[in-house]
Amino acid sequence: MELSQKQAGPASGSPLPAPSRTPTPAWAAADDSVAASTGGLQAYYYDLCMEKSQEIKPFILQILQEVDEEVEKGSVGITLNIAGNSRSLSGERVTGEDFWILCRVLKNNSFINGLDVRYNLLSDVGAYYAAKLLQKQRNLIYLNLMFNDIGPDGGELIAKALHKNRTLKHLRMTGNKIENKGGMFFAAMLQINSSLEKLDLGDCDLGMQSVIAFATVLTQNQTIKGLNLNRPILYGEQEESTVHLSHMLKENQCLIELHICKHDIKNCGMKQLCDALYLNRSLQYLDVSCNKITQDGMKYLADVLKSNTTLEVIDLSFNRMENAGANYLSDALASHNRTLKALSVVSNNIEGKGLVALSQSMETNPTLSHIYIWGNKFDGATCVAYSDLIHTGRLKPDNTDVEPFVVDGHVYLAEVSNGLKRHYYWTPGYGEACSPSSNAGFSLAPSY
């Protein structure tokens with residue numbers, strides 16, 4: 001479960017009262033690690049800050065108090081959420097030194113199995129303590145370090161800590177510029193680690209060498225089920241990374257989810273991927289959004305969909321399939337494929353005829369339940385077609401990113417905040433952060 005974050009405590013500069021302590025049961029008195037957990041994380045944090053002469057952060061005290069309350073209720077499997085981009089933190093950020101104290105607090109805690117410190121200021125200092133935590137904390141299965149100004153050296157420390165870690169299942173390093181050097185250490189780690197199931201290295205400035213290293217390692221690794229290699233720093237027009245990833249897909253029969261956005265994939269690279277998909281029997285979620293794939297690439301994909309029985313989610317957003325590409329896909333979906341559940345064609349320069357063709361494929365295809373079309377060129381026929389799908393119940397309002405409305409007897413479509421990974425970079429200030437309607441891709445094809 002995730003805990004909400006609320007700013008609390010006295011005004012800055014005023015003395016902080018010592019937190020009240022939860023009584024420690026007699027059975028736990030002999031074990032310091034258990035006493036630290038049951039005696040209250042808030043009190044333990046306060047004592048450590050006083051002992052180490054560190055600044056006591058009121059917002060951390062408040063969040064730890066909420067954890068203590070959940071523990072008192074008997075909750076287990078708690079995710080400690082101290083995301084720096086939360087509105088409730090009012091600009092507060094966790095620094096590397098703050099994280100040192102937090103890691104000491106969490107080191108022997110058995111109630112917390114997830115830690116989310118995205119959008120803070122950990123830097124390589126915090127990465128050092130995160131590595132120490134991974135070596136000592138035996139209950140942590142989820143760690144989110146995205147956008148924390150961690151560099152190549154910090155990436156090396158975390159990757160090496162995972163050599164011996166046997167509990168972490170999901171790691172997000174998104175947006176930390178670990179570059180090619182850090183990427184190589186993570187690829188080497190996957191040759192040793194046998195527990196990590198999902199790894200996100202999107203926007204980490206990986207180089208061609210590290211992307212090829214991941215592709216090579218994953219021909220042998222049998223535990224990774226989800227991998228994000230979005231936006232590497234690639235040079236040249238040879239699509240070499242796509243060639244190696246395609247070879248990996250031919251060999252790997254465990255990977256469920258693959259994100260390769262912004263790899264500069266063109267039609268030739270798409271053909272390489274599709275040739276691999278004829279042989280792959282595990283991949284369920286393929287994300288090739290934000291590339292340079294046109295109608296010819298969509299023809300290769302349509303041919304694959306006529307025989308593929310594993311792909312359930314495909315993200316083609318921000319390519320350029322146009323009407324011809326949409327027609328290729330609609331033909332395959334209408335007559336052959338019965339396994340694809342979600343398709344995103346957002347911003348693909350598709351006009352009315354192509355969009356209507358996709359809507360008609362849903363009328364004959366009972367499996368395709370999610371479709372996202374915003375950012376294309378709607379005409380009257382498009383608006384009517386999707387309005388009819390929604391009003392007849394064939395397309396549920398939560399499963400698309402458009403909503404019909406009528407003005408002067410004419411039907412129009414408005415955008416709604418639904419998608420395959422709408423909350424990948426951020427979470428809303430209200431409502432459910434991980435709702436299936438906003439993050440349908442991860443709900444339909446979970447890799448962790």
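**Notebook: contacts, sheet and aromatic pairs in a predicted model**

Residues are numbered from 1 along each chain as its sequence is written, and side-chain values use heavy atoms, with hydrogens and water left out.

**Overall form**

I looked up the secondary structure of the protein chain and noted 15 helices and 13 strands; helices (H or I, at least four residues) and strands (E, at least two) are DSSP runs, numbered from the N terminus. The radius of gyration, taken over C-alpha atoms, is 24 Å, close to the 22 Å that the globule rule gives for 448 residues, so the chain is as compact as a globular protein of that length; the rule is 2.2 Å times the number of residues to the power 0.38. Along the principal axes, the C-alpha atoms fill a box of roughly 70 × 55 × 35 Å.

For burial I used relative accessible area, with buried under 20%, exposed over 50% and partly exposed in between (1.4 Å probe, protein chains only). On that scale 55% of the 448 residues count as buried. The protein chain exposes about 18500 Å², of which carbon and sulfur atoms supply 52%; the areas come from the Shrake-Rupley method with a 1.4 Å probe, and for residues only the protein chains shown count as cover.

**The sheet**

I then traced the open sheet of 11 strands, which has the order S1-S2-S3-S4-S5-S6-S7-S8-S9-S10-S11 with parallel pairing; two strands pair if DSSP finds at least two bridges between them. Its edge strands are S1 (78-81) and S11 (370-372), each of which pairs on one side only. Neighbouring strands of this sheet are turned by 5° against each other on average, direction ignored, with axes as lines fitted to C-alpha atoms (for helices over the stretch in contact) and angles running from 0 to 180 degrees between N-to-C directions.

**The hairpin**

S12 (residues 402-407) and S13 (residues 410-415) pair in the antiparallel sense over six bridges, and the bridge partner of Phe405 in S13 is Tyr412. The two strands form a hairpin with two residues between them, and Asp408 in the turn has a positive phi of about 55°.

**Two further positive phi values**

Most residues other than glycine have a negative phi. Asp203, in the loop between S5 (198-200) and helix H8 (208-217), has a positive phi of about 60° although it is not a glycine, and it is buried at a relative accessible area of 6%. Asp264, in the loop between S7 and helix H10 (267-277), also has a positive phi of about 60°, but at 24% relative accessibility it counts as partly exposed.

**Helix H10**

The buried residues of H10 are Asn267, Gly269, Met270, Leu273, Cys274, Ala276 and Leu277, and they pack against helix H9 (240-251), S8 and helix H11 (295-305).

**Aromatic pairs**

A search of the whole structure finds eight aromatic pairs; rings of Phe, Tyr and Trp (its six-membered ring) pair if their centres lie within 6.5 Å, and planes under 30 degrees apart count as stacked, over 60 as edge-to-face and the rest as tilted. Tyr119 and Phe147 form a stacked pair, 5.1 Å centre to centre with 5° between the planes. Tyr119 lies in the loop between S2 (112-116) and helix H5 (123-136) and Phe147 in the loop between S3 (142-144) and helix H6 (152-161), so the pair ties together parts that are 28 residues apart in sequence. Phe147 is partly exposed at 26% relative accessibility. Tyr285 and Phe442 form a tilted pair, 5.9 Å centre to centre with 55° between the planes. Tyr285 lies in S8 (residues 285-287) and Phe442 in helix H15 (residues 440-444), so this pair ties together parts that are 157 residues apart in sequence. Tyr285 is buried at 0% relative accessibility, whereas Phe442 is partly exposed at 25%.

How values were computed
Predicted model: local features only at pLDDT ≥ 70, side-chain atom pairs only at ≥ 80, totals over all residues. Contact = heavy atoms within 4.5 Å.
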